[in-house]
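These are my notebook entries from a first look through a structure that was new to me. I wrote down what I looked up, in the order in which I looked.

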Amino acid sequence: MTTGVAVVTGAASGIGRATALHLARDGYAVAVNDLKLGPAQAVADEITAAGGRAIGVAGDVSDEASVSALAAAAVAAFGPVTLLVNNAGHGHQARFVDLQPTDFDRMFAVHVRGTFLCIRAVLPAMLARGSGVIVNVASQLGQIGGAELVHYSAAKAAIIGLTKSLAREVSTQGVRVNGVAPGPINTPLSAALSEEWRRAKAAQLPLGRMGEPEEVAATIAFLASDAASLFVGQTLGPNSGDVML
Ligand SMILES: NC(=O)c1ccc[n+]([C@@H]2O[C@H](COP(=O)([O-])OP(=O)(O)OC[C@H]3O[C@@H](n4cnc5c(N)ncnc54)[C@H](O)[C@@H]3O)[C@@H](O)[C@H]2O)c1
């Protein structure tokens with residue numbers, strides 16, 4: 001059990017929700033962030049009802065003021081942030097020739113700028129204390145690419161690069177930075193793809209099935225734990241065997 005304080009972004013749904021619940025069971029006090037307060041607070045209430053500690057915090061991770069307020073709310077409620085999980089994200093599919101600059105910019109604003117801003121909001125205090133853990137949620141599409149997903153894949157590849165670079169910079173100062181690159185996971189994000197696509201994809205996976213949010217949450221919780229003390233700048237792949245590196 002830990003008495004750490006975790007901030008999980010995009011935690012009202014899917015992988016983020018499962019991660020918030022898992023970390024709360026591990027003993028973390030959790031700041032549950034999402035775009036709207038209602039869904040974030042519902043997850044926080046679920047944690048509290050199970051005997052854990054949590055607050056819901058509304059905020060767009062691409063907005064600097066919202067991110068500052070998120071970090072401040074976590075510190076005010078529970079004390080210094082010891083774990084940041086950069087999970088907030090959205091999917092969007094378009095052929096390259098149809099891809100609009102606004103779609104491209106929004107993808108990078110949420111995934112890359114959002115990850116940057118959230119780290120910026122908690123890292124100085126982690127460095128001052130000489131300890132902290134950051135886990136960034138990328139995607140296997142950042143490793144292998146995806147047709148009609150140029151902007152998504154590029155943003156996720158940027159997150160992998162950011163993870164490696166920051167890990168090289170701060171690891172000797174007590175802050176461990178790692179990432180996960182999930183394969184197809186059963187969440188509202190993947191449910192937007194057709195049933196036909198999901199069935200074909202599941203059949204092609206070495207494991208024969210897509211992953212569940214809790215299976216990614218378990219990987220994130222592992223990276224957050226002292227058991228992962230030698231993991232630095234890694235991007236682990238809970239991906240049903242879809243990508244083997
Ligand atoms: N589901 C998959 O197959 C899959 C695979 C690889 C990676 N991922 C990544 O995992 C992460 C979680 O996705 P998921 O599948 O659980 O999706 P999801 O849609 O279930 O959850 C994503 C959450 O992020 C929130 N969010 C979106 N933009 C935000 C913003 N700007 N600020 C704050 N919150 C925001 C959404 O409201 C939502 O609650 C994403 O980064 C996604 O790219 C998902």
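I began with the ligand, where a backbone N or O atom of I185 lies 2.8 Å from an oxygen atom of the ligand; I count a polar contact as a pair of N or O atoms within 3.5 Å, and within protein one atom must be able to donate a hydrogen and the other to accept it, while residues adjacent in sequence count only if both atoms are side-chain atoms. I noted that this is a predicted model, in which local features need pLDDT of at least 70 and side-chain atom pairs count only at pLDDT 80 or more, whereas totals for chains, interfaces and linings use all residues. Residues are numbered from 1 along each chain as its sequence is written, and side-chain values use heavy atoms, with hydrogens and water left out.

A polar backbone atom of V61 is 3.1 Å from a nitrogen atom of the ligand. On its own the ligand has 830 Å² of accessible area, and the protein covers 91% of that (Shrake-Rupley method with a 1.4 Å probe).

Next I asked which residues surround the ligand. There are 29 of them, and the closest are S13, I15, D34, Y152 and T187, where near means that a heavy atom of the residue lies within 4 Å of the molecule. By element, α1 (14-25), β2 (29-34), α4 (101-129), α6 (150-170) and α7 (188-191) each give two or more residues to this shell; helices (H or I, at least four residues) and strands (E, at least two) are DSSP runs, numbered from the N terminus. I sorted the shell by residue type and recorded 13 nonpolar, 12 polar and four charged residues, with Ala, Val, Leu, Ile, Met, Phe, Trp, Tyr, Cys and Pro as nonpolar, Asp, Glu, Lys and Arg as charged, and the others, Gly among them, as polar.

I turned to the segment after β7 (235-236), where N239 is found. Is N239 buried or exposed? N239 counts as buried because its relative accessibility is 7% (buried is under 20% relative accessible area, exposed over 50%, partly exposed in between, with a 1.4 Å probe and protein chains only). The side chain of N239 reaches the backbone oxygen of V243 at 2.8 Å. S240 lies in the segment after β7 as well, and although S240 is not a glycine, its phi is positive, about 60°. With a relative accessible area of 12%, S240 is buried.

I found another positive phi, about 65°, at E148, which is not a glycine either. E148 lies in the loop between α5 (141-144) and α6, and is partly exposed, with a relative accessible area of 37%.

Last, I looked up pairs that are separated along the chain.
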